[in-house]
Amino acid sequence: MADITTNTTQGPRGPKPKKTFSRANIFLYGTLIVVSMYYLLPLYVMIVTSLKGMPEIRMGNVFGPPMEVTFEPWVKAWAEACTGINCDGLSRGFGNSVRILVPSVLMSIVIASINGYALSNWKFKGSETFFTILIIGAFIPYQTMLYPIVIMLREIGLMGSIGGLVLVHTVFGMPILTLLFRNYFASVPEELFKAARVDGAGFWQIYFQIMIPMALPIFVVAIILQVTGIWNDFLFGVIYTKPATYPMTVQLNNIVNSVQGVKEYNVNMAATLLTGLVPLVIYFASGKLFVRGIAAGAVKG
Amino acid sequence: MTVASDSPHRRTKRPNRLFKNWMAKVASLPMIMTALFVFVGGTAWTVTYSFTGSRMLPKTKWVGFDQYERLWETDRWIISIKNLAVYGGCSLVLTLVLGFSLAACLDRKIRFESAFRTIFLYPFALSFVVTGLVWQWILNPDFGLQSVVRGWGWESFTFNPLNDPETVIFGLLIAGLWQGTGLIMCIMLAGLRGIDEDIWKATRVDGIGTVKTYVVVIIPMMRPVFITALVLIASGIIKLYDLVVAQTGGGPGLSSEVPAKYVIEYMFRAQNLGQGFAASTMMLCSVVIILIPWAYLEFGGRKRG
């Protein structure tokens, strides 16, 4: 609530560098503030609902601040909420998501950075063809590849396990990350590469000693891109894992949309907020880099 | 052959060209395998098996176009396609209009620009599941927006899209726009920043109004940005799945079903693989239909220019 009110009162009133209250400016700030309310409303509603008790929710309105702040819904969402027969809350999904996230992010970035490096500095016959296939593959709806991957995972015995999902995330993260790294390495001056070659450095030496230290910012962008993407994934989680290994998003959906029992909206919103917390923290902490990451994702055309 | 002559690193001539750059080839194996087995192989496999009568397990009992005929006779699929068309059309237009307008507002040298940008973009960091669940709660008829407005004294106010088959798609649209416009705004803003300041000076000298300048001068100049945005929005629309599952579950009844959901229901719940394959092949076709004109515009145009 505090956010909204301070914005509303301060926005247009602050000292202006040039013009004072022109009609156009009032209109401009008015529009921006109204639109901001639409964007902030859900976050605000999530927070206040998760801090209310059920009786208050039943009588009051969703927009009102809590009269009595209680953290019980948060505790319940984390440790007691039920999905089917399991009643150990979202903590299990959180644990699964972390165990999926860390290896997926590491593996996809390592593989993609090597790909990008090979594609920009060590071109071989057909390398561009494979890259083109990879980029086109990013546009193919996942639905067309879901079942063949089920078969592949069954063949190697990883269906339903966290390892299988890690593999899937690595594969589907590859197009965009490879593009990201390829474009970055291509911008590295070629003289540097040639000089290292003359000095007798090989494929891995140049990669580890020259390319990686220079590419640190792009690694950060890739990490942001992958962490939010993998954490937010629902489709692969629901298909390639089983209830014991469900990631947080899938478990959240099962908790909130379960048909049995009385609906506890405050617990639901606490659970929703908990699931959204990781990407939100990354978003607010990374600032400009996040924008750079999505811009990199956007220019894949 | 071309490798040896193109490569800038040729110093020694090796006898076997397959082993030239062999380390790069080994290092690229994951990419090569992904491209060949998952992307090409997987897609070809699904398209092939869409011509079989597979049910619980994939099998090669060829049935020609039967699955497709049945698909287009299934009400659920027709509803899904219609829903996607309505959602897609509205989402495309509104995202572009909203995204561009917001970007234009932020580009007017305003104060607190980065605060506004942060606010407009944060929903993009959240998953569709979170988005769907929050809006499900806000649009809840008994406790949400509708009851609040009624509580203010407007007793007959009715806004209950999630339980009304006629308007449920617009309930999804509100949530989808909330999540996705920030991204398009960011792209548009980057495009606007790339426009020369002199253009503005010139239009001011000519006495053209601000709004007219945007419509007549700026938007035509931003054609490539709009095309990128269009492709992004369109590929997102076809993938629409998580949001529906979380927010409405396809209901009430079948009124908010979408093709991506149809595919997954038939493949993994109804154990009718052939139908799932046929439906996913149709999704692939729709992507191809969108991408070919785009590729033509992008790469055909580049050759001319």
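Biologist: How much space lies in the second largest cavity?
Modeller: About 50 Å³. Keep in mind that this is a predicted model.
Biologist: Which helix gives the most to the lining of that second largest cavity?
Modeller: Helix 5 of chain A, with three residues. Helix 8 and helix 11 of chain A each supply at least two. Among the lining residues are His169(A), Trp231(A) and Asp233(A). By class, the lining has six nonpolar, three polar and one charged residues.
Biologist: And what volume does the largest cavity have?
Modeller: About 1,600 Å³. It has 50 lining residues, and Tyr142(A), Gly229(A), Phe124(B), Phe128(B) and Lys239(B) are the closest to its centre. The lining of the largest cavity divides into 27 nonpolar, 19 polar and four charged residues.
Biologist: How many cavities of 30 Å³ or more does the structure hold?
Modeller: Six.
Biologist: Pockets now. How many residues line the largest pocket?
Modeller: There are 40, with Leu28(A), Arg108(B), Lys109(B), Thr210(B) and Tyr214(B) nearest the centre. The largest pocket holds about 1,200 Å³ of space.
Biologist: New topic. At what angle do helix 6 and helix 8 of chain A pack?
Modeller: About 130°, with the axes 8 Å apart. Helix 6 of chain A and helix 8 of chain A are therefore oblique to each other. The crossing is left-handed.
Biologist: Which residues of helix 6 of chain A meet helix 8 of chain A?
Modeller: Glu128(A), Phe131(A), Leu134(A) and Ile135(A). Their partners in helix 8 of chain A include Met174(A) and Arg182(A). By class, that contact has six nonpolar, one polar and two charged residues.

Conventions: Residues numbered from 1 in each chain as written. Chains lettered and ligands numbered in written order. Predicted model: local features only at pLDDT ≥ 70, side-chain atom pairs only at ≥ 80, totals over all residues. Heavy atoms only, no water. Axes fitted to C-alpha atoms, helices over the stretch in contact; angles between N-to-C directions. Helix = DSSP H or I, 4+ residues; strand = E, 2+ residues; numbered from the N terminus. Parallel < 35°, antiparallel > 145°, perpendicular 65-115°, else oblique. Left-handed = near helix turned anticlockwise from the far one by under 90°. Contact = heavy atoms within 4.5 Å. Nonpolar A, V, L, I, M, F, W, Y, C, P; charged D, E, K, R; others polar. 1 Å grid on protein atoms, 1.4 Å probe; cavity = no way out; pocket = protein on both sides within 12 Å on 5 of 7 lines; lining within 4 Å. Points joined across faces, edges and corners; volume = space filled by probe spheres on them.
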